[in-house]
Amino acid sequence: LERLCQSYWYPLYVYIRRQGYSPEDGQDLTQSFFERVLERAYFSGLDRSKGRFRAFLLASLKHFLADERDRQRAAKRGGGKPVLSLDAFLAEERYALEPVDTASPDKLYERQWALTTLERAMDRLRQEFVEAGKGRVFEELQGSIVGNKSNETYAELGRRLGRSESAIKATVARVRERYHDLIREEIAQTVSTVAEIDDEIRYLLAVLGS
């Protein structure tokens, strides 16, 4: 659960900020929400067959914010040890780079969920290369893993890595397949059946394409 919270904290932070809360309140509310989640077994009664984790989490946050609106939050700042490591500076720095968007906070939350899922899968892929002593290979091929973001041809990449063009093509194909597997693994943590994994991936693609 803590690992999932680490995945979802920034999408939830974006949702809170788009509700009009200040950076300070956004950080406090995000931290307080996860404090409730982790310390009070907030999801102990969750029936995962009745909804996706991302949807349940957002609904829980909305309920939490409704409870918090009438409470004094200023006294809570610095009042206790955070239960989840949230990089407040990084959060606001990332938020400042978000494009101006008139979409609803719910839609922005879902988009950040989708992007975070892809980022976590890519980070895991990078770590696998690093642990295998192939960090440079990953850095060279990363632009070719998702679509055709690399401006270089396979032949040019091959010359830099000392491999043939056909070898680079085969490597990219294998790496893309592994990347897709890691995305499925990330999604699998938040659903209860294999069929739901495919449904969530389709939804993720739809969110990013909208």
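This is a predicted model: local features need pLDDT of at least 70, side-chain atom pairs count only at pLDDT 80 or more; totals for chains, interfaces and linings use all residues.
View 1. A search of the whole structure turns up one cavity of 30 Å³ or more. The volume of the largest cavity is about 110 Å³. The lining residues are Leu 4, Ser 7, Tyr 8, Pro 11, Trp 113, Thr 116, Thr 117, Arg 120, Glu 186, Ile 187 and Thr 190. Five of these are nonpolar, four polar and two charged.

**View 2. Helix α1 against helix α2.** Helix α2 spans residues 23–39. The two helices pack at an angle of about 145°, and their axes lie 10 Å apart. The crossing of α1 past α2 is right-handed. From α1, the contact takes in Glu 2, Cys 5, Tyr 8, Trp 9, Leu 12, Tyr 13, Ile 16 and Arg 17. From α2 come Pro 23, Gly 26, Gln 27, Leu 29, Thr 30, Phe 33, Phe 34, Val 37 and Leu 38. By class, the contact of α1 with α2 has twelve nonpolar, three polar and two charged residues.

**View 3. Helix α2 against helix α3.** Helix α3 covers residues 53–68. Its axis is 11 Å from that of α2, at an angle of about 110°. Angles of 65 to 115 degrees count as roughly perpendicular, so α2 and α3 are roughly perpendicular to each other. α2 passes α3 in a right-handed crossing. On the α2 side, Leu 29, Ser 32, Phe 33 and Arg 36 make the contact. On the α3 side, the residues are Leu 57, Ser 60, Leu 61, Phe 64, Leu 65, Asp 67 and Glu 68. The contact of α2 with α3 divides into six nonpolar, two polar and three charged residues.

**View 4. Helix α1 against helix α3.** Here the packing angle is about 50°, with the axes 11 Å apart. α1 and α3 are therefore oblique to each other. α1 crosses α3 with right-handed sense. Leu 4, Tyr 8, Leu 12, Tyr 15 and Ile 16 represent α1 in this contact. They meet Phe 53, Arg 54, Leu 57, Leu 58, Leu 61, Lys 62 and Leu 65 of α3. The contact of α1 with α3 has ten nonpolar residues, two charged and no polar ones. Tyr 8 of α1 meets α3 here, is part of the contact with α2, and also lines the largest cavity. Leu 4 likewise joins the contact with α3 and the cavity lining.

Key. Residues are numbered from 1 along each chain as its sequence is written. Side-chain values use heavy atoms; hydrogens and water are left out. On a 1 Å grid over the protein atoms alone, a cavity is a set of points where a 1.4 Å probe fits but cannot get out, and a pocket is an open set with protein on both sides within 12 Å along at least five of seven lines; lining residues have an atom within 4 Å of a point. Grid points are joined across faces, edges and corners, and a volume is the space filled by probe spheres set on the points. Ala, Val, Leu, Ile, Met, Phe, Trp, Tyr, Cys and Pro count as nonpolar, Asp, Glu, Lys and Arg as charged, and the others, Gly among them, as polar. Axes are lines fitted to C-alpha atoms, for helices over the stretch in contact, and angles run from 0 to 180 degrees between N-to-C directions. Helices (H or I, at least four residues) and strands (E, at least two) are DSSP runs, numbered from the N terminus. A crossing is left-handed if the near helix is turned anticlockwise from the far one by less than a right angle, and right-handed if clockwise. Contact means heavy atoms within 4.5 Å. Angles under 35 degrees count as roughly parallel, over 145 as roughly antiparallel, 65 to 115 as roughly perpendicular and the rest as oblique.
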